Each structure stands twice: as structure tokens, then as C-alpha cells.
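Dear colleague,

I am handing over the structure below, and I would ask you to keep it open while you read.

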Amino acid sequence: MFSLKSALAEKIGPMRERVASLRKEHGDKVIGEVTVAQALGGMRSVKCMVSDISALDPLEGIRFRGLTIPECRERLPKVPNGTEPLPEALLWLLMTGDVPSQEQADEVTAELRKRSELPDHVRKAVDSLPVDTHPMTMLTVGIGAMQTESEFAKRYQQGMRKEEYWEPAFEDTMTIMAQLPVLASHIYRHKYFDGKHIGPDESLDWAGNFAHMMGVENANFKKLMRLYMVIHSDHEAGNVSAHTTHLVGSALTDPFLSLAAGINGLAGPLHGLANQEVLRWIQNLREQMGVEVPTEEQLEKALWDTLNAGQVIPGFGHAVLRKTDPRYMAQREFALEYLPEDPLFKLVSMLFNVAPRVLSEHGKTKNPWPNVDSHSGCLLVHFGVDQYDFYTVLFGVSRAMGVLCNLVWSRALGFPLERPKSVTTDWLLEQVK
Ligand code: CMX
């Protein structure tokens, strides 16, 4: 058996016992309350989901299975002489909770390579769309078309016991993770390079090969892709893409269709699409000012113009975080090492200096600091990936890893159909009397 699958199988029994005992011995204990403001306000901070894959502290930021981003960068296996962690190693960590050995991470790479043949009808489904279709639409169409390969859907039709659900969900997860870079690079080359596709390089790791299939051979871009794929993978379970995948999966919808739903959520400008919006905002600013790097005064005025027009500053603020996103800082460190003189990086750094002050003065947002999406575009542009409407696809390939690990565990632990209660405004008024 593939060793990641057996490592996962070993973890499931004890976790089932833990959850069963929590349910049995403490099922009636209260862990929070819901205010009227929360019910009307996007359920912020309501504690009603359980996931061990990652946890988000408002001040410290994300931990993947207990490890911070700097710890992941240090401790996870890398390519020979590599500096950034392998996403394959993160997949092992997210799935099992353990840091894998180099050999185990390499086995994941080999397994993903083995499963990476994208069905022809998926390519055709993407190619049939008008070329000006948004890449995120192409991505969900592609993932939907990939669903013909779902082991979970097949096994469910054949009749499967609840305890077995995790196994085909795991198989589907591996297939999806293997084929997503192929699908994403197919979209990239179809949309921006007249369909001139590039075949895989079997000698490369998963993220390195993704860069290769996109047509970007710069070794530092491959490093960036490894880092990018690690840091965007998960952000605990309540964010829109994770929550949507979980919710749809709770109806025993297979992992392909559940992920497609989550990816649709990621395509919102308040969530993953913010990475393209940051670049669009910067591009507009440069065009209006007629300069590559504006002055701080020009930047401040542009920020106020956006706020006074009733729009958000993309890449700033967060529903949970209350300090600069460590995913932002990891990308900033990368930029300081590999592209310190890049003019767009200078502009992004200037935004880091100016925008939090402006947002604080504006006085609405609870968190004036930059999030992950504020930085990613400038790194991509540096390596020639300047088609900014493609950026959320890259986010989606990475995010698939976290949300699908979560889905496998939800099936392993037998989490039921999700069905919260909605109330009417009449009921609310009655309650608060
Ligand atoms: N620019 C302007 N106003 C902002 C703002 C920003 N960057 N961030 C928050 N606000 C405003 C909100 O729109 C809200 O205004 P109203 O009271 O008029 O509705 C007010 O400040 C309070 O919001 P909040 O409690 O601080 O933030 P929320 O939890 O409601 O929203 C988020 C969080 C991310 C949607 C919001 O900060 C935002 O719109 N940011 C810009 C878009 C963005 O970068 N999204 C990416 C997030 C990361 C990701 O998921 O990829």
C-alpha cells in the first residue's frame, strides 16, 4: 500500500475514539454562544466546526498541524539543495499530522506523477470555452469534468459502508492533486499562449513540474512555486473555500464536485480573487499616474480615492487575523532575497508602509494590515507571470490540498450532513424583547 495511505489509516482509529469520547462524555458542554451580531454578521468567530488540519490565531497567524510557516520552511523535506519546502511534504503533514521523511515526501512525488494523466475530455471541456472566459471558470469546469474519475462516486453507487468513505475520498484527493497542476497549466497555455502546451518533466517535483508546464523555467520561480503552494494550502476550516468544500462534501458529494464548489467560493473578490484585484488596483494606479513607482503622497491619495468611492483596498484586512499575515511576511522575505530591486516589489513595500495608516484613519476595518493576496502578484510578475486574472487559479491548486485533506478526515470521522439553523427577523425580535 502507498505509505501515505497506510500512515493515514493508522491515525484514523485513535481519532475516531477521541471524537466518539468527546461526543459521549462531553456532548452537552457549551463551548460558545451566538450573538445577534454574529447571526447577522457572517457568523464571525462562532465555534461550530472542527478540523485538526490547521489552526489560525488572530495574532500569530496560521499553523499547519501545529507548525508555523517558518517552521514548515525549516523542517519539511526539500528538493536536493532546495531552500523551500516540498508541497508534497506538506500534503503528508496535513493528512497525518507528522513531518514526513525525505523518502516519504519523495514517494508522494512519485505517486502524484503516476496519477497525473489528465483525461482528454477534461482538456476538451476547457478548450470548448471562449478564450476570454475567466480562468477560475475554466478551473471549475475542468474540475467538474474530472469528476468522471471519482472513486468515491463509483464506490457509493456500488454500496459502501460509512467506515470505508475515507478510502475512496483519499484516492480522489491524490488523483485531484496529481492532475490539478496539469489542468491549471493547460488553462494557462490555452488562454495566453494559443494553446501551445508543454508536456511534463518527469524528473521534477510536483511544483517544479507545474512551473515547467506553465512555461516558466527560472529556477527561482520553481522555488517560489514550492513556497506559494505551501503557504496558500489551508487557513483553518471556516474560510469560504474550506467551509464550502466541507459543507458540500457533508452531503456525501464526491471530492471533485465538493472542491469545484469551494473553488467557486475562492473566486470571490473578498476571498482568493483579491490577489488579482491587488494587481488590477496597482496597474490602474500606475496608468493614472503615468509612473512605475508613485510617491507616498500619490499612493496615499489613491488609497483615499478608493475608500471614498466606497470600495475596499484589496489585499488588506482579514476576517480573523489582527496583524500582518505571516504568509505575507514569507513572501516578503522571498522578495527581499531574490528581487529586492524589483520596482513592483518597491511599490508593494510602499503600500505596506502607507495603507495600514490610511485604513486606520478611515476607521472601519478591524485589521488594517496586509493579507497573503497583497504580495503574491508582485512575485509572479517578476518571473513573467503577469496575466493577473490567472492568479487565483494558482491559489486554488494550493488550497485544494488543505480542503481535501479536511474532507478525507471528515469522512474518516463520520461527520454528518451539515445543517445549521436559520432564524427569521421576527424570531430575532421576539428573542431580544
Ligand atoms: N478596505 C476597505 N474597507 C475595509 C477593508 C479594506 N481592505 N477591510 C475591511 N473593510 C471594511 C469592511 O468592508 C467593513 O465595512 P462595512 O462595515 O461598511 O461593511 C468594515 O471594514 C469592517 O470589516 P472587518 O470586520 O474589518 O472585516 P470583515 O471580516 O468583514 O472582512 C475582508 C474581511 C477580508 C473581507 C475585508 O478585510 C476585505 O474586504 N478586504 C479586502 C479584500 C481582501 O483582501 N480579501 C482577501 C482576504 C484573504 C483571502 O481570503 O484570500
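Phe170 has a relative accessibility of 0% and so counts as buried, a word used here for residues under 20% relative accessible area, whereas exposed means over 50% and partly exposed lies in between, with a 1.4 Å probe and protein chains only. Before going further, please note that this is a predicted model, in which local features need pLDDT of at least 70 and side-chain atom pairs count only at pLDDT 80 or more, while totals for chains, interfaces and linings use all residues. Residues are numbered from 1 along each chain as its sequence is written, and side-chain values use heavy atoms, with hydrogens and water left out.

Aromatic rings

Two rings of Phe, Tyr or Trp (for Trp, its six-membered ring) are taken as a pair if their centres lie within 6.5 Å, and the pair is called stacked when the planes are under 30 degrees apart, edge-to-face when they are over 60, and tilted for the rest. By this rule the model has ten aromatic pairs. One of them joins Phe2 and Phe170, whose ring centres are 6.2 Å apart and whose planes stand at 40°, so this pair is tilted. Because Phe2 lies in the segment before α1 (3-26) and Phe170 in helix α9 (residues 166-192), the pair ties together parts that are 168 residues apart in sequence. Helices (H or I, at least four residues) and strands (E, at least two) are DSSP runs, numbered from the N terminus. Phe2 is buried too, with a relative accessible area of 11%.

Phe334 and Tyr338 form another tilted pair, with 4.4 Å from centre to centre and 40° between the planes. Both of these residues lie in helix α16 (residues 326-338), where they are four residues apart, about one turn of the helix. Phe334 is buried at 1% relative accessibility, and Tyr338 is buried with a relative accessible area of 18%.

Tyr188, Tyr192, Phe193 and Phe390 form one aromatic cluster. Over the face of Phe193 lies Arg189, at 4.1 Å from the ring centre; a charge is said to sit over a ring if NZ of Lys or CZ of Arg is within 6 Å of the ring centre and within 35 degrees of the ring normal.

The ligand

Which residues are the closest to the ligand? They are His271, Gly315, Lys364, Lys366 and Asp373, out of 22 residues that surround the ligand, where a residue is counted if one of its heavy atoms lies within 4 Å. This shell divides into eleven nonpolar, seven polar and four charged residues, with Ala, Val, Leu, Ile, Met, Phe, Trp, Tyr, Cys and Pro counted as nonpolar, Asp, Glu, Lys and Arg as charged, and the others, Gly among them, as polar.

Oxygen atoms of the ligand lie 2.5 Å from a polar side-chain atom of Asp373, 2.7 Å from a backbone N or O atom of Gly315 and 3.0 Å from a polar side-chain atom of Arg44. Taken alone the ligand exposes 890 Å², and the protein buries 77% of that, with accessible areas from the Shrake-Rupley method and a 1.4 Å probe; for residues, only the protein chains shown count as cover.

Lys366, one of the closest residues to the ligand, has its place in the loop between α17 (343-362) and α18 (373-382). Lys366 is exposed, with a relative accessible area of 68%, and its C-alpha atom is separated by 9.3 Å from that of Val320, 46 residues apart along the chain.

Ser54 is found in strand β1 (residues 54-57) and is buried at 4% relative accessibility. The side chains of Ser54 and Asp234 are joined by a polar contact of 2.7 Å, that is, a pair of N or O atoms within 3.5 Å, of which, within protein, one must be able to donate a hydrogen and the other to accept it, while residues adjacent in sequence count only if both atoms are side-chain atoms. The side chain of Ser54 also reaches the backbone nitrogen of Glu236, at 2.8 Å.

Asp194 lies in the loop between α9 and α10, and its phi is near 50°, a positive value in a residue other than glycine. Asp194 is exposed, with a relative accessible area of 69%. Glu202 is found in that loop between α9 and α10 (206-214) and is partly exposed, with a relative accessible area of 48%.

With kind regards
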